[in-house]
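Thanks, everyone. I have one structure to walk through today, and I'll keep it quick.

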Amino acid sequence: GESIVEFIANIGFCYTMLKHYELAQTKFEEALELAKKYNRPQDIPSIFSLMGFFYEMQGQVDKAIHFYQQAVQAGKEIEGKDAQESVLNAMNSLAKIYGQLKQYSKALESLQQVIEMSTKMGQEGPTARAYFEMGEIYHSQAQFTKAIESFEHSIKLYNKLLNPLPEDPNYVLTYQIYRYLGLNKIAMTYTYDLKKYKEAIPYYEQTLANIPPNWSQGLATVYTRFGQTYYFLQNYDKALEIYQQALMLASETNDLNAKAPLLHSIGLTYDEKGDVKNAIVFYEQAVATYREINRPKDTIVILTSMANIYLYTFKENDKALAFFEQILKIAQEHDPTQLAFALSNLGHFYYSKYDFDTALKYFEQGLLEARKHQNPNELLDALYYTGLTHKNKQHNDQAISYLEEAFALAQQLGNDERVGYIFEALSQIYAKIENSQKLSQLFQATLAYYQSRLKEHHANGDT
């Protein structure tokens, strides 16, 4: 039932999905010429919308916005369901881009307009998509409860739209994909943002029960995240069982970007189970895979885990030190932003051997790098351990200076555990030098911090 114009435009869309952009552009231009030749203005909003997507796929945001706006403008001048649906879809796509540009108010305003317009027109497809995009916006703003509510609303509408199945298979697939993505987004929000792992499990199960036909994109990663949820619940055997399914999928598709973190997760799980031999086997595979896809930062993280096994479990200091020196070399040659972490690793190694002079040298170098690259978490670690090392060397004034700066930064970052450790170290120094005023101020500041944090947790429903 397509016109020749729609047919040509859809070929352009297929070329876009295949990333054959020159061919796609040719087809869109041909479709526009044919729409004018055969006097089919009703096809123009859809063509402009597809061209917006064409530029969005290439990361040309300004051009994407231009064509989505053209689609909206062209559609407003035409009556008919298809033209109006193109307008609503273009408005949803515009909102998505505004969200990516962090223009959240503009994005939410556009989505609210879509919901109002599509509800009046009785078109639930654009409404469902609008709620999905709204979930994305709220998630970007760390409004996780609102994000989940929006995704839930979207899923409810997609379930309704899929029962019974629409006649058009394109609509069926689109609805199935967005339902699947919405379920996955809720599962991820519970796991990684709200840390409510038990609540996440049924959403992972629903995600995997609603995989669109012939869909393999990112599936290994979904299984990996599902396994990580059980890992966080310390159900390591169940996590490993799910990881095996993920590994099979990643191997079938040769998806190295999914396989590398999965191998790392399997290594971590064996590590937590105390099976360090198997942990090292999978850590080594993860390192090899990360190197293959040129991910030095992740390589450094895993090599650190391996170094700690040799240091603390096997008590093989020379091997551990060799790993830490290898990490420093990788940071120097491939990722200078990791220098603070690499230098701190060496500081920790010598600190554990009570060689405070050498440890201090590496901690101070790491502190300089952390300040240079403005990495607050690395800066906190470097400040804390530089202060702690000075404390062990009886350099009280230097220790206080570094630890007080660390104390302020830990509060700013909301690092509750580190606030406690710094409080302990500073209170010991203040007590030793008999500075009761400083000690009293420290107690009051720490108490005020934890009272404030308790209020925040209770406000978020976290008991």
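Start with Gln 42, in the loop between α2 (21–37) and α3. Helices here are DSSP runs of H or I with at least four residues, strands are E runs with at least two, and both are numbered from the N terminus. Before going on, a word on the source: this is a predicted model, where local features need pLDDT of at least 70, side-chain atom pairs count only at pLDDT 80 or more, and totals for chains, interfaces and linings use all residues. Residues are numbered from 1 along each chain as its sequence is written, and side-chain values use heavy atoms, with hydrogens and water left out.

Back to Gln 42. The cut-offs are under 20% relative accessible area for buried, over 50% for exposed, and partly exposed in between, with a 1.4 Å probe and protein chains only. Not counting residues up to four places away in sequence, Gln 42 touches Ile 78 and Ala 83. Contact means heavy atoms within 4.5 Å. Now look across to Asp 355. From Gln 42 to Asp 355, C-alpha to C-alpha, is 77 Å in space and 313 residues in sequence.

That leads to the whole chain. The C-alpha trace spans about 90 × 50 × 40 Å along its principal axes. What is the secondary structure of the chain? It has 22 helices and zero strands. Of the 463 residues, 48% are buried. Take contacts between residues at least 6 apart in sequence: 53% of them join residues at least 24 apart. The chain exposes about 24000 Å², and carbon and sulfur atoms supply 49% of that. Accessible areas come from the Shrake-Rupley method with a 1.4 Å probe, and for residues only the protein chains shown count as cover.

Ile 4 sits in helix α1 (residues 4–17). Ile 4 is partly exposed, at 45% relative accessibility. Together with Phe 7 and Tyr 38, Ile 4 forms a nonpolar patch with about 310 Å² of accessible area. Patches take residues with over 30% relative accessible area and no salt bridge; like charges are joined within 9 Å, nonpolar side chains (Val, Leu, Ile, Met, Phe, Trp, Tyr) within 5 Å.

For contrast, go to Ser 150, in helix α8 (residues 144–161). Ser 150 is buried, with a relative accessible area of 6%. Beyond its neighbours within four places in sequence, Ser 150 contacts Tyr 131, Met 134, Gly 135 and Tyr 138.

α21 (residues 416–432) has 17 residues. From first C-alpha to last, α21 reaches 25 Å, close to the 24 Å expected at 1.5 Å a residue. That expected span is 1.5 Å times one less than the number of residues. Its buried residues include Arg 418, Val 419, Ile 422, Phe 423 and Leu 426. What do the buried residues of α21 pack against? They pack against α19 (376–392), α20 (396–413) and α22 (436–459). After α21 comes Glu 434, with a positive phi near 60°.

Last topic: salt bridges. The whole structure has 17 of them. The criterion is a side-chain nitrogen of Lys or Arg within 4 Å of a carboxyl oxygen of Asp or Glu.

Lys 96 pairs with Glu 56, closest N and O atoms 3.3 Å apart. Lys 96 is in helix α5 (residues 81–100) and Glu 56 in helix α3 (residues 44–57), so this pair ties together parts 40 residues apart in sequence. Lys 96 is partly exposed at 31%, while Glu 56 is buried at 18%.

Second, Lys 393 and Asp 357, with closest N and O atoms 2.4 Å apart. Lys 393 lies in the loop between α19 and α20, and Asp 357 in helix α18 (residues 356–373), so the bridge ties together parts 36 residues apart in sequence. Lys 393 is partly exposed at 23%; Asp 357 is exposed at 51%.

Third, Arg 453 and Asp 416 meet at 2.9 Å, N to O. This one links helix α22 to helix α21, with the two residues 37 apart. Arg 453 is buried at 18%, and Asp 416 is partly exposed at 25%. Through shared partners, salt bridges join Asp 416, Arg 453 and Glu 456 into one network.

That's the tour. Questions welcome.
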